[in-house]
Amino acid sequence: MSYRILDQHSALEYIRSHPQAPEHLNLQAELVGEEIGDGNLNRVFRVFEKGNRDRSLLLKQGIPYLRVAGESWPLSPERARMEAQALEQQYRLVGDLVPKPYWFDPELALNAMQDLWRHQVLRRPMVERTRYANLGETIGRFLALTLFGTSDFGMEPKAKKALSGRFVNAELCEITEDLVLTEPFEPKLLGGKTNRNRFNPLIADDLERLQADTELRLEVARLKHRFMSSAQAMLHGDLHTGSIMATPPDAGGKAEIRVIDPEFAFYGPMGFDLGMFVANLFLNAAAQQAHAPDPEERGAYRKYLYTQAERCWETFEVEMRQQFANVQDISWSSKAFQDRFLLETLQDACGYAGCEMVRRTVGFAHVYDLESIPNPELRAEAERLSLALGQELIKISGKTSNFTELMDLVRTTIPE
Ligand code: SR1
Ligand code: MG
């Protein structure tokens, strides 16, 4: 059957007639379908057997426009193929750190995958200051294994080139190039393009000062060019805390953590994924200015967030060095090269983290962490912290020499 947008009922009909469905569900049982998507782009349905919650699956469909914007923002459902391909690679490299892929239906631009019904997207619980003791470590491992494993360091050159050719994700990359790496920094755009920034009027002067900073704009221009031209590895491409799910932490504070939603996947600079992740921890730290009025509680949660950023980098570095020990190409076997590569990745991460903080504060796509602060004055206080740290991270990105230096800057700008 040709492409059609599914609803709760047609999703169930689709399942009943799909040849692979019986591997995951008893089609004779009463099936329940729910639409659960709350992301910006897609429709997501969960189907399960009534009375047997463990027998379930998730259907994610790319629709021909951006879900949050409607038909005025067309977007090819082809992104579902990118997600299918990326999930396949991630599953191969990290197994249970991502949902298990079941099948991809190209006609409906639909991915069927494991339903993580015991897991919650991290964004909201983290605004409520939930702690996941193994968050940074897990994401550091996920990044090292997926990035190294899809790069020239972990693949035979021809295979890497063939794989990177399957990830020309032009439409979704353009969203990032515009929304993350251009519009927030430019008061005026060229070529008839419009600026889609949205911001609290109370921080208009702060934004004007940021956009007048030529040193900062030069650095953003460099980062944007690197994003567009440095095909190091298959990135997740949108690794914020809305793209991570976890079970409630156990008695020891640990959770089962999975990375979801890799539809922005493309071949780019490794530091981009790292930067996105730590930036979203720092955005939360800024937002706690309003969410946690008690300074002790606020400081304690910021301390937790900063420790997770540190663990992420430490784990990433350790795992990368372990992988480098088996690198096949003689050119990359020296410690000096590996040190230099990791330093460049850190510098990129620092810059992209800054861009993410700025765009989530003044750009088109905001984060719940800041958006959920109802009082505009209090929100402006948190937003100024985010903008200040974002600017600093961008400006030191080419100069920073270790992660401790970066974290010193974070702790000075948004104190524990
Ligand atoms: C127009 S899409 C807005 C944002 O949602 C996605 O999750 C990406 O972060 C994108 O920038
Ligand atoms: Mg997403």
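## Ligand shell

By class, the residues around ligand 1 comprise four nonpolar, two polar and one charged. The model is a predicted one. The residues surrounding ligand 1 are Asn40, Leu66, Ile175, Thr176, Leu179, Asp238 and Ala365.

Which helix supplies the largest share of the shell around ligand 1? Helix α6, spanning residues 170-179, does so, with three residues.

## Packing of α8 and α13

Two packed helices are described by the angle between their axes and by the distance between those axes. Helix α8 covers residues 214-229 and helix α13 covers residues 376-396; their packing angle is about 65°, and their axes are 9 Å apart. Angles of 65 to 115 degrees count as roughly perpendicular, and α8 and α13 are therefore roughly perpendicular to each other. The crossing in which α8 passes α13 is left-handed.

On the α8 side, the contact is made by Glu215, Leu216, Glu219 and Val220. Helix α13 contributes Gln391, Ile394 and Lys395. Sorted by class, the residues of the contact of α8 with α13 are three nonpolar, one polar and three charged.

## Confidence

How high is the mean pLDDT of the protein, and what percentage of its residues reach 70 or more? The mean is 96, and 100% of the residues reach that value.

For the complex, the predictor gives an ipTM of 0.98. The pTM from the predictor is 0.97.

Technical notes: Residues numbered from 1 in each chain as written. Chains lettered and ligands numbered in written order. Predicted model: local features only at pLDDT ≥ 70, side-chain atom pairs only at ≥ 80, totals over all residues. Axes fitted to C-alpha atoms, helices over the stretch in contact; angles between N-to-C directions. Helix = DSSP H or I, 4+ residues; strand = E, 2+ residues; numbered from the N terminus. Parallel < 35°, antiparallel > 145°, perpendicular 65-115°, else oblique. Left-handed = near helix turned anticlockwise from the far one by under 90°. Contact = placed C-beta atoms within 7 Å. Nonpolar A, V, L, I, M, F, W, Y, C, P; charged D, E, K, R; others polar. Near = placed C-beta within 6 Å. pLDDT = per-residue confidence, 0-100.
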